[in-house]
Structure formats: C-alpha cells, structure tokens
Amino acid sequence: QGTIIVSVRAAVLGDEYILLLADDRTEITRTERIRNDFVANVSHELKTPVGAISLLAEALETSPDDEDTVRRFAQRMHKEASRLAALVQDIIELSRLQGADVVHQGKPVDINDVVADAVDRSRLAAEAKNIEVRVGGRTDVPVYGDADLLANAFRNLIDNAIRYSPENTKVGVGIRHKDGLVSVSVTDQGEGLKPEDQERVFERFYRVDAARSRQTGGTGLGLSIVKHVVENHGGEVTVWSQPGKGSTFTVRLPDLEKEPEEESAAARPP
Ligand code: ADP
C-alpha cells in the first residue's frame, strides 16, 4: 500500500537505445522520516523538564516566604532535573548503539553474572514497592558480547517489570539454554499489554500511558535501547502478555558453545 518512490535518470545511447536508471528511494525516505520524527520527539521531551525547571526557578526568584513552598519547589526541580539527566543518558546510549558496531570488541560473557548484576542494579526500585525479584535457572554456556550493555538491557526489563506492577507482587527472571540460544525472560504480575501495544512498545518514545511513564521516571526509550542492544548481539527480544495479568519479555542470544577457543570467539563477528 505504501508509495514506492523512484528516482529515474535517462541517457540516450546512440540512435536506438535509451539507458534508464531507477533508484528505489523508498527506504531512504523512510529512514529520513524516522530520523525527523526522532528529532521532533527528542525536542519535545527535552522541552518539558527544561520548561518546568525554568518556571520553578522563576517562582523561587520571587522568594516565597514560607519554607514549605520553597522546599516543595526545590523537590520538583530536583525531580525534573533527574528526568532530564535520565533522558539525556538514554538518548546518548541510543545514538551510540545506532552508530558503530558496539559488540565488535566483545568477549565471552557469563549470562548468570550479567543477570545477577542487573538484578542488583534494580534492587532499590524493587524494595521501594516490596517486589521480590527471583532468578531461576542458569547456564554455563557463554554468549558473545558486551557484559555492561547486556546488564543494562536486562536492568531496563526488570525496572519496567517493577514500574508497571502493583506493590507486593513478584518478578521472575528465568535463564535457559536451548537449541543454540541462551534466553533470559523477565515475567511480572503487572498490568500487562494489549496486543496492539505489544507490537509498538519497542518503538522510540512509544508509551501506553505517557503521564504514568513520566511520573515513574520512564523516558520512553528503555525498550528501544533493549532492542538495539539485543540485535547488536545477533539476538531478538519478544513480548508475551495478557492484559491485567502480566507480561513476559524474552531475550534470546546465540550461544558460544561451538566456539572451541576464546581467540576464535573474539574473532567471530557478533
Ligand atoms: P518507559 O520509559 O515509558 O518505561 P519503555 O520503552 O521502557 O519506556 O517502555 C515503553 C512502554 O511500554 C511503557 O511506557 C509502558 O507503557 C509499556 N511497558 C513496558 N514494560 C512493561 C511491562 N513490563 N508491563 C506493562 N507495560 C510495559
């Protein structure tokens, strides 16, 4: 249904032939549109906290008398500044992931350690909502890649599981190795996602409920960072969910079982 855009160049060759060159510009135009949308979204997302901080600062300049108001304004400013910092960090991370081949310098990675690291990084958020994060399963087969990027991706999934679940629930992290793939799944007992949202959650800045996401410190970029990290590692991330019951996000990465030595593993493209 989409329009195919072609650029056609013609040249007359002698009396009988005309050379026609047609370029399919569709993909380029699509990429340009995505980039333009991203820039527009980034500007909008950055303007909101910057605007709030500047309004609050202006209000503080008129130095309200009561200490309570000053404290409240300062707290709001702090919150907006943290949001801004998280957003800038995610934008930088995403552009880094879209550029060079980030796992080119990768190494064999022990996925059990990476998951433990991610769970550790999410500990405070889990404790704040009294959510138990439990890891099940393990594998001694390594994957190839960048441990820090992977830990960050799993942390994003665990943070989301906590963010979109009610208090006093459980989050399960399962590690498996099957058919040449190491999989890590994060399951929550949260609000779940409708099928139409499941298709779109990996898009940049797509949120089911933007106000809720912002309020809880989300940037709208977490899952698209996860997707980029995983695809950079030659893997895939999928979601399964039942609205009202919970969601499972699963990352599958190719294993390194068939690599006999670390050296050849290091030379292998991800
Ligand atoms: P955000 O920073 O808003 O969490 P993400 O890219 O991480 O951005 O996620 C995109 C959207 O997907 C979220 O705003 C939320 O609506 C939805 N989402 C992500 N993870 C879950 C989950 N575990 N349960 C329910 N909804 C989720």
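Mentor: Happy to! The largest pocket holds about 1100 Å³ of space. A pocket here is an open set of points, on a 1 Å grid over the protein atoms alone, where a 1.4 Å probe fits, with protein on both sides within 12 Å along at least five of seven lines; lining residues have an atom within 4 Å of a point. Grid points are joined across faces, edges and corners, and the volume is the space filled by probe spheres set on the points. Please keep in mind that this is a predicted model, in which local features need pLDDT of at least 70, side-chain atom pairs count only at pLDDT 80 or more, and totals for chains, interfaces and linings use all residues. Residues are numbered from 1 along each chain as its sequence is written, and side-chain values use heavy atoms, with hydrogens and water left out.

Helix α5 gives the largest share of the lining, nine residues. Helices (H or I, at least four residues) and strands (E, at least two) are DSSP runs, numbered from the N terminus. Among the other elements that give two or more residues are α2 (67-98), β7 (181-188) and β9 (246-254). By type, the lining divides into 17 nonpolar (Ala, Val, Leu, Ile, Met, Phe, Trp, Tyr, Cys and Pro), 16 polar and 15 charged residues (Asp, Glu, Lys and Arg), the others, Gly among them, counting as polar.

For a contrast, the second largest pocket has about 490 Å³ of space. I34, F202, E203, R204 and H228 are the closest to its centre among the 16 residues that line it.
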